[in-house]
Structure formats: C-alpha cells, structure tokens
Amino acid sequence: MQHVPYQEGAKLPGSEKKLASGLCGILLGGLGVHKFLLGYTTEGTIMLVVYIVGLFLCGIPSLIMHVIGIVEGIMYLTKSDEEFVQTYVVNKKPWF
C-alpha cells in the first residue's frame, strides 16, 4: 500500500475529484457518474446498466443503485482530502 505524504497547505493530487464525485453520487447516484469521475469504468457501467434495466422491470434495482450512490457520495464528502485520496485514488477502493 502506497502512502501519499500530506504537506499542510498543499493540494493533494486527486483531491479535486472529491467534491464533484460526492455531489454526483448524491444527486445522480444510480447512474454511476461518481464512479466514472474516479476512473472506475467497470463499476460505473454496472451501476448504469442495473439502473436502466431496473427502470424497465420493477424499479427496485434502480432505487437500490440510487441509495448506493447517495451513501458513497456522503462517504466521499465526509472524508478528509488525505483519506479520500488514499482510499479512492491511490488504493482504488471501488465500492463503499
């Protein structure tokens, strides 16, 4: 596991994705936009496909994807910049 050193006042590379990913997770959660912003194309595609297919079935899969997006968006926004970068940019943790 690689650790990115944090210097006070310096902007961590990758931390600029935190706000956009968090807001997209909350507002557009089921579509997986927040996953695509972080470079997780496989996971984003899974969320998008399940969401779209769920709309045509009974709606429950779409609702589940949206709830996952909201939870992940809140998790992104509540982490410090250093935690966010370490977890989602360096270590590439795709789910929760």
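Predicted model: local features only at pLDDT ≥ 70, side-chain atom pairs only at ≥ 80, totals over all residues.
The phi of Lys92 is near 55°, a positive value in a residue other than glycine. Lys92 is partly exposed, with a relative accessible area of 44%; by the cut-offs used here, buried means under 20% relative accessible area, exposed means over 50%, and partly exposed lies in between, with a 1.4 Å probe and protein chains only. Phe96 is also found in the segment after H5, and Phe96 has a positive phi of about 40° although it is not a glycine. At 39% relative accessibility, Phe96 counts as partly exposed.

Residues are numbered from 1 along each chain as its sequence is written, and side-chain values use heavy atoms, with hydrogens and water left out.

Now the overall picture. The protein has five helices and zero strands, so that, by the DSSP definition, the elements run α-α-α-α-α from the N terminus on. Of the 96 residues in the protein, 34% are buried. The accessible surface comes to about 5600 Å², of which 70% belongs to carbon and sulfur atoms; these areas come from the Shrake-Rupley method with a 1.4 Å probe, and for residues only the protein chains shown count as cover. As for contacts, meaning heavy atoms within 4.5 Å, residues 24 or more positions apart account for 59% of those with a separation of 6 or more.

Next, the charged pairs. How many salt bridges does the structure hold? It holds two, where a salt bridge is a side-chain nitrogen of Lys or Arg within 4 Å of a carboxyl oxygen of Asp or Glu. In one of them the side chains of Asp81 and Lys18 meet at 3.3 Å, N to O. Asp81 lies in helix H5 and Lys18 in helix H1 (residues 17-27), so this pair ties together parts that are 63 residues apart in sequence. Asp81 is partly exposed, at a relative accessible area of 30%, whereas Lys18 is buried, at 13%.

In the other salt bridge, the side chains of Lys35 and Glu72 meet at 2.9 Å, N to O. Because Lys35 lies in helix H2 (residues 33-37) and Glu72 in helix H4, the pair ties together parts that are 37 residues apart in sequence. Is Lys35 buried or exposed? Lys35 is buried, with a relative accessible area of 0%, and Glu72 is buried as well, with 1%. Lys35 also lies over the face of Trp95, at 4.2 Å from the ring centre; a charge sits over a ring if NZ of Lys or CZ of Arg is within 6 Å of the ring centre and within 35 degrees of the ring normal.

That brings me to the rings. The structure holds three aromatic pairs, and rings of Phe, Tyr and Trp (its six-membered ring) pair if their centres lie within 6.5 Å, with planes under 30 degrees apart counted as stacked, over 60 as edge-to-face and the rest as tilted. Tyr76 and Phe84 form an edge-to-face pair, 5.7 Å centre to centre with 80° between the planes. Tyr76 and Tyr88 form an edge-to-face pair too, at 4.8 Å centre to centre and 70° between the planes, and this pair links Tyr76 in helix H4 (residues 60-78) with Tyr88 in helix H5 (residues 81-90), 12 residues apart. Tyr76 is buried at 1% relative accessible area, Phe84 is buried at 0%, and Tyr88 is buried at 2%.

Finally, the surface. Ile46, Val50, Leu63, Val67, Val71, Trp95 and Phe96 form a nonpolar patch with about 560 Å² of accessible area together. Patches are made of residues with over 30% relative accessible area and no salt bridge, like charges being joined within 9 Å and nonpolar side chains (Val, Leu, Ile, Met, Phe, Trp, Tyr) within 5 Å. H4 gives the most to this patch, with three residues. Ile46 has its place in helix H3 and, at 42% relative accessibility, counts as partly exposed.

Methods:
Helix = DSSP H or I, 4+ residues; strand = E, 2+ residues; numbered from the N terminus.
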